[in-house]
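Colleague: Could you walk me through this model? I would like to start with its pocket.

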Amino acid sequence: MTGAGGQAGAPGDAGAVAPGDAEMVGRTESAARLRTAVGRLARRIRPTRVGAELTLTEATVLATTARNGPVGLSWLAREEGMNPTMLSRVVWRLEDAGLLARRPDPRDRRAALVDATPAGRRLHERIRAERTDALSQLIEHLGAAERDALDAALPVLEQLARDLKERRP
């Protein structure tokens with residue numbers, strides 16, 4: 001923070017920011033900018049022509065099941081951060097649409113497993129391809145330095161995503 005005339009405030013001056021505090025403010029600002037950018041990207045790439053009849057929650061549950069299935073409903077609820085009742089409704093709608101199939105868990109007949117049907121896997125792949133193509137087209141228009149910066153940032157972004165998942169209650 002600067003005082004009158006653009007001079008840095010002395011420690012103890014009202015409005016002065018200690019070097020450690022300035023770093024924290026910078027990190028907080030970076031975190032806010034990253035959250036905003038990631039949120040905007042996700043919202044703007046989410047709508048697709050393929051699978052437009054699915055809600056965001058249905059598309060996410062289908063994607064998680066297609067990638068990991070067959071999966072238990074308890075695991076799926078934890079993975080999606082949903083309460084089991086809400087998840088049950090979503091799974092029921094996806095089953096009704098022929099995109100998921102439920103079957104008894106062979107290890108525990110009281111529990112159920114869900115898996116994407118062939119139609120569900122095809123739809124998931126088409127949605128994924130459409131979103132990837134949209135982002136790829138945008139990346140093509142970046143300059144070489146911007147593409148290199150993006151490539152260099154990907155491992156850090158992937159690690160942040162893993163760390164956030166592990167911290168989730």
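This is a predicted model: local features need pLDDT of at least 70, side-chain atom pairs count only at pLDDT 80 or more; totals for chains, interfaces and linings use all residues.

Colleague: By class, how many residues in the lining of the largest pocket are nonpolar, polar and charged?

Modeller: Residues are numbered from 1 along each chain as its sequence is written, and side-chain values use heavy atoms, without hydrogens and water. A pocket here is an open set of points on a 1 Å grid over the protein atoms alone, where a 1.4 Å probe fits, with protein on both sides within 12 Å along at least five of seven lines; lining residues have an atom within 4 Å of a point. By class, the lining has 21 nonpolar, six polar and 14 charged residues.

Colleague: Which helix gives the most to that lining?

Modeller: Helices are DSSP runs of H or I with at least four residues. Those supplying at least two lining residues each are α1 (19-45), α2 (56-68), α3 (73-80), α5 (118-140) and α6 (144-167). With eleven residues, the top contributor is α6.

Colleague: Where does L157 lie?

Modeller: L157 is among the residues closest to the centre of the largest pocket, whose space is about 2,600 Å³. The helix that holds L157 is α6.

Colleague: What is the bridge partner of D105 in β3?

Modeller: Strands are DSSP runs of E with at least two residues, and two strands pair if DSSP finds at least two bridges between them. Six bridges join the antiparallel strands β2 (residues 100-105) and β3 (residues 108-116), which form a hairpin with two residues between them. The partner of D105 is D108.

Terms used. Grid points are joined across faces, edges and corners, and a volume is the space filled by probe spheres set on the points. Ala, Val, Leu, Ile, Met, Phe, Trp, Tyr, Cys and Pro count as nonpolar, Asp, Glu, Lys and Arg as charged, and the others, Gly among them, as polar.
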